[in-house]
Amino acid sequence: MLFYWIYKRFRNFAAMKKIILSIGVLLQIAALTGCDNNGSHGMDYNVTCTVDNKLKHDSATLLVLEDDYGQLRVCGASRSDNGTFTFTGQTDRPKVAIIRWDNDSTNPFYFVLEGGNIDIAIRPGSWDIKGSAKNSEYLHYINQRNGITDSRVATWQEYLNMAADSSLKADDELRMMRQDSLLNDSLQRITVERINRGDAVGRIIRERYGKQLDQEHMRMLK
C-alpha cells in the first residue's frame with residue numbers, strides 16, 4: 001500500500017525512486033541508533049542493576065557493542081533515586097554491554113548482555129552478577145585474576161617486611177622473585193586463554209586487560 005500511494009502521488013519515476021531510496025536510508029539509520037525492544041526475534045532480557053548509595057549515581061545508560069557494525073548502540077536509559085536501574089529488551093545472542101553512569105564515559109561497567117534475568121550488584125571496590133552463564137564465566141576470570149594479584153601483593157609485602165627487619169637473605173629474595181614470576185606468568189596465560197575463545201567475555205577481557213600483556217603473550221593472541 002505504501003509504494004502504491006507513492007506511485008499515485010508521484011508518477012514521475014525519478015521522484016518515486018528518490019523517495020524509496022530515502023526510506024531505505026532512514027531504516028538503516030534507525031537500525032544503527034536504537035535497540036529493537038519490540039521485535040519478534042531474539043531473547044528477552046531484564047537487567048536490574050543495584051548500586052550502593054555511596055557511589056551516588058542518579059542515571060544510567062545501557063550501551064551494546066554490535067559486532068556487525070563495530071559500534072556501540074544505545075539500548076536504554078534509566079533514572080533512579082534509590083540506586084536501582086532497570087533495562088529491558090531483546091538480544092539475538094550474548095553481546096558486550098556497558099552501563100555508563102550519569103553520561104560519564106570514564107568509568108563504565110562491563111558485562112555480557114544475554115537473554116533472561118540479569119541481576120547486578122555494585123559496591124565500592126567490588127561487584128557481583130547473577131542469572132547469566134556468560135557473566136558467571138566473566139566473574140570466574142575476575143576472581144582468578146584477583147586471587148593471583150593478591151598473592152603477588154602478599155609476596156611483595158613479605159619482601160618489604162624482611163628487608164625492613166634485615167632478615168632478607170639472598171635465597172629468600174631469589175625465592176620471592178621466582179614466585180612473583182610464576183604468578184605473573186599464570187595471570188598472563190589465563191588472560192590469553194580467555195581472550196582467544198573469541199566470545200563476548202573474551203572481548204571484554206581484551207578491552208579491559210589486553211594492554212597489560214607483555215610482548216611474548218601478546219603474540220599468542222589470535
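Residues are numbered from 1 along each chain as its sequence is written, and side-chain values use heavy atoms, with hydrogens and water left out. Because the model is predicted, local features need pLDDT of at least 70 and side-chain atom pairs count only at pLDDT 80 or more, whereas totals for chains, interfaces and linings use all residues.

The structure holds six aromatic pairs, where rings of Phe, Tyr and Trp (its six-membered ring) pair if their centres lie within 6.5 Å, with planes under 30 degrees apart counted as stacked, over 60 as edge-to-face and the rest as tilted. Phenylalanine 109 and tryptophan 127 form an edge-to-face pair, with 5.3 Å centre to centre and 85° between the planes. This pair links distant parts of the chain, with phenylalanine 109 in strand β6 and tryptophan 127 in strand β8 (residues 126–130), 18 residues apart; helices (H or I, at least four residues) and strands (E, at least two) are DSSP runs, numbered from the N terminus. Both phenylalanine 109 and tryptophan 127 are buried, where buried means under 20% relative accessible area, exposed over 50% and partly exposed in between (1.4 Å probe, protein chains only). The rings of tryptophan 156 and tyrosine 159 have centres 5.4 Å apart and planes at 15°, so this pair is stacked. Tryptophan 156 and tyrosine 159 are three residues apart in helix α3, and are therefore separated by about one helical turn. Tryptophan 156 is exposed, at a relative accessible area of 51%, while tyrosine 159 is partly exposed, at 23%.

Ring pairs also link Phe109, Phe111, Trp127 and Tyr138 into a cluster. Phe111 is, with Ile99, Trp101 and Ile120, among the residues that touch the most other members of the largest nonpolar core, which has 43 residues. A nonpolar core is a set of buried Ala, Val, Leu, Ile, Met, Phe, Trp, Tyr and Cys residues joined through side-chain atoms within 4.5 Å. Beyond residues up to four places away in sequence, phenylalanine 111 touches residues including Val47, Leu62, Ile99, Ile120, Ile129 and Ile204, contact meaning heavy atoms within 4.5 Å.

In helix α5 (residues 200–209), Ala200, Val201, Gly202, Ile204, Ile205 and Tyr209 are buried. The elements covering these residues include β5 (95–101), β6 (104–113), α3 (133–164) and α4 (170–195). The axes of α4 and α5 come within 8 Å and cross at roughly 135°, which makes α4 oblique to α5. Thr191, Arg194 and Ile195 of α4 meet Val201, Gly202, Ile205 and Arg206 of α5 in this contact. Arginine 145 lies over the face of tyrosine 209, at 3.9 Å from the ring centre.

Isoleucine 142 lies in helix α3 and counts as buried at 6% relative accessibility. Leaving aside residues up to four places away in sequence, isoleucine 142 touches Trp127, Arg208 and Tyr209. Isoleucine 142 and threonine 191 are 49 residues apart in sequence and 10.0 Å apart in space, C-alpha to C-alpha. Helix α3 also holds threonine 149, which is partly exposed with a relative accessible area of 33%. The C-alpha atoms of threonine 149 and asparagine 184 are separated by 8.4 Å.

Notes. A charge sits over a ring if NZ of Lys or CZ of Arg is within 6 Å of the ring centre and within 35 degrees of the ring normal. Axes are lines fitted to C-alpha atoms, for helices over the stretch in contact, and angles run from 0 to 180 degrees between N-to-C directions. Angles under 35 degrees count as roughly parallel, over 145 as roughly antiparallel, 65 to 115 as roughly perpendicular and the rest as oblique.
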